[in-house]
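Reader: I am new to reading structures. Please take me through one part closely, in short steps.

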Amino acid sequence: MNLPSGTLLAQSALSGLFVGALYGLLGLGLSLSWGLLRQINLAHFALAFLAAYVCFQLSSVAHVDPLLTLALIVPGCFAAGVAIQWLFARFRISPFNSLLVTFGLTVMLESLIQGIWTADFRRLESTYGDARFRLGPLYVPAPELLTFIVALALSLAVWAILKYTDAGRALRAAAEDGPIAEAFGIDRKKLALLLAGVSAASAGIGGVCIALSQTLAPSQIYAWIGVVFAAVMMGGLGRPFGPLVAGIVIGVSEALTMAITAPSWAPLVSFSLLLVVLLARPGRF
Amino acid sequence: MSVIELADPPLRRDARAARTRNVTALIAGAAVALAFVPYLGLPPFYESFLYLTFHWIVLATSWNILSGYSGYFSFGHGAFFGAGMYTTATLAAKLDVPFLLTLPAAAFVAMTLGLAVGAVVFRVRRIRGELFALVTLAVTFVVGTVVLNTPIDGGPGVYLSGVPVPKLGPTAASSFYLMALAAMVVTLLAAYLIQRSKLGLGLFAIHDDEDVAEVLGVPTFRSKMIALAVSCALAGVAGGIHALFVSYVTAGETFTITVPLTVVLMSVLGGTRHWAGPVVGAAIITALLYAFTAGNHPVAGRAVFGALLIVVILFLPDGVLGWRRKIAKAHGPKPTDDQLPPESAFLDRRVPSADEESGTIETVATPAMATGPSTATTPAPTGPSMPRAGADLLVAKHLRKSFSGVRAVDDVSLTIREGEILGLLGPNGSGKSTFINLVSGHYLIDAGELTFRGRDLARSDAHVIAQLGIARTYQIPRPFAHLTVLENVALTAMFGAAALPRAEAEQEAERWLDFTGLAAKRDALPDDLNLHQRKFLELARALAARPRLLLLDEVLSGLTPGEINEAIALIRKIRDGGATIVFVEHVMRAVLALTDRVVVLDHGSVIAEGAPHEVMQRREVVTAFLGAGHA
């Protein structure tokens, strides 16, 4: 095994950073709804891919600018998130059953995607796709950089909202002790609907980022689950910057593993990192 | 022929053993009958269809042994199944090992993989259920990656077409049928016997409240590991057989979410709290599966699965069997409150001996029951409850426990002597309950020493502490919600210091239910009890363990003065039975009447210790309770 050159390693680390930002972006909504609502939304991934496919369809067939599709995707995903949360509240779904129900939903959405767009790989060709610039010896692709900026901005916004607004404080209080928070006049149901909507909207944004930078296939939905959940758990539940930081650690480690060994070993990286965290700090979970 | 029984009727020991024999015989009899199917001369299609049905029954039932009983949902059954498949494929196709010999190896490899996952994930304390689900899901893809990238597969898949099919039946199809039948019989027997065993009751308790289960003596880690090992080994065998059945194994087809999705759906549909639930679910789903593949709509079929899973969880959360059971219960005769003896008479009951050498029943009378009716009583072997100056039973030295900076127990040293009733007093938040939680192992100790009859408890697991002879009640009752009142109590008789086998434990439990006046509620679920009854259930549960040291955490709060009088007499009798008692209480009358010695805590530290009347008059004690102005 030959060690690749420094430039190649740096380029790998950079692309790992960008993929990690995408993990963080997808993990943010999951972490929030798991940490603050005690609900595990597997359908988050299916929603992101549905958004990615919608973006793909609109821009490659109707020639809409991919970023403009956000105007449709963000409200659509928000509504979907609210609807799912309403269903959970209506049937008083336990955290565990939320996992099962959204698992069922994921399978349904995956079948829907496969039914419309087939199981073939799809790649969005847009003006953003080839845009890139040089930074010293390194190439920086524009869509990935955009993903990184969006992930950072969203994490920052969530952090600020949770820390400085009344709604954010109320959410944290409700997560700590729901009945007590309600006794103090917090409308837990409304907050939960809002949070679920926001988290689903972030999945939509993540989906557009996926469409801009990745190749799409319905089976990819499941490939992302493991690694993003690893980022969520390593980052700590309900912490705004947790998924992003953990995602970047995972992304960079994966990219370096791919550069040094073979690309097909990458799925092992996130799991090994999670295992290390589990073994080293079991009390954290 | 109905393999499914609807409800657990009251059973005595013999009836119980007879029923175990009956169900076992039923499974065996059905197996023998089904073994003749290949000789009926049916077209091979039927054998193949039945093979698939049995195959899914094995997978769903094996999944249910861990995930249904204990509530730890695994999404990694595909990984364990696949591990078995590739073990057989590698051994049989590449190393020419005879096929039947590969099956034990397939079971072993799948089991080892499962135990490795369990050893890591089961150590986690807080979000363990969710974590287990997600880690097992990830394991599926990790094992798939490893298989794909190593010579185990290497990419193109493994052909088993050259492997001879063992000649068990007249045709190859019937041989597969018979192998799947054998695997199914073994799996069903395992699922049934585990459900009826001590291990099974422990798993159901873990499902409801794992922390309490551990404190009452259930070795939770070991129970989960055993269930996981059995579950994975059976999945491995199913994988081994299936590898030869499909004769071409690929990583892409094996390590998918199809297997976990299907088995979860089958078990949830049939009912996860019953060994036969997955059988019902697997039969329904296999038929549906066949309809879809025959109709050439596999993608639509998956979507229907997803939709079914959602509908079942929303509208039929207990599955078909659980739902039928509920209907049967709603229409069946209801035990009513009037069958309960009047509370004032509950002391007239026969008092089981808490003495650990003898399981015999002593009859003890108390002054309170002079007018007692029915039960035969003998004059009380009274005499005052002498404080027996016993040896040191429990010694705590410099015990500390903090919760994010707050020192709940701060440098507490105290000794509990054999045979005494020690009152633990103090205002709210003084650390009494935390002390109980530390001694019973509910919380881990930050610093200090804790020894019980010379044994170090500070580093013992909670279930070991319970088995050594420490039992407790919870201030806010925490019964296992899905276990009957009888099972709740029998659990501690099995897992506590008494360590009785299940049949005897149920008899023991009935005695304590008689004793606490809950006999009429034996088959009710804890949700049907009122607070008073739930408190007594806590007490019965602690007593059935036959503890040497009984920790009572505010058992009297919420009782009427009359009930308190009876409870005082009751606690005296428990002590006369040989137990030592730590008594946390705010009802001062009971403290003065019962305790030989009191220890007063304030802000996590001991501020006074001595004879009850004397201590309660001390200035610092009065200040702690009433504030400085009253001292």
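Author: Start with chain B. Of its 631 residues, 50% are buried. A residue is buried if 20 or more other C-beta atoms lie within 10 Å of its own, exposed if 12 or fewer, and partly exposed in between, with C-beta atoms placed from the backbone. This is a predicted model: local features need pLDDT of at least 70, side-chain atom pairs count only at pLDDT 80 or more, and totals for chains, interfaces and linings use all residues. Residues are numbered from 1 along each chain as its sequence is written, while chains are lettered from A and ligands numbered from 1 in the order in which they are written.

Chain B has 22 helices and 14 strands. Helices (H or I, at least four residues) and strands (E, at least two) are DSSP runs, numbered from the N terminus.

Now the domains. Chain B splits into domain 1 (13–256) and domain 2 (388–630). These bounds come from an automatic or database domain assignment. The C-alpha centres of the two domains of chain B lie 43 Å apart. Still, 21 residues of domain 1 of chain B are in contact with 23 residues of domain 2 of chain B. Contact means that the C-beta atoms of two residues, placed from the backbone, lie within 7 Å.

Look at the side of domain 1 of chain B that touches domain 2 of chain B. Helix 1 (13–35) and helix 7 (198–215) of chain B each supply at least two of its residues. Helix 7 of chain B gives the largest share, 12 residues. By class, this side of domain 1 has nine nonpolar, five polar and seven charged residues. Ala, Val, Leu, Ile, Met, Phe, Trp, Tyr, Cys and Pro count as nonpolar, Asp, Glu, Lys and Arg as charged, and the others, Gly among them, as polar.

Next, a helix pair. Helix 3 (residues 77–94) and helix 10 (residues 258–270) of chain B pack at an angle of about 120°, with their axes 7 Å apart. Axes are lines fitted to C-alpha atoms, for helices over the stretch in contact, and angles run from 0 to 180 degrees between N-to-C directions. Helix 3 and helix 10 of chain B are therefore oblique to each other. Angles under 35 degrees count as roughly parallel, over 145 as roughly antiparallel, 65 to 115 as roughly perpendicular and the rest as oblique.

Which residues of helix 3 and helix 10 of chain B make the contact? Helix 3 of chain B uses H77(B), G78(B) and F81(B), and helix 10 of chain B uses V259(B), P260(B) and V263(B). Four are nonpolar, two polar and none charged.
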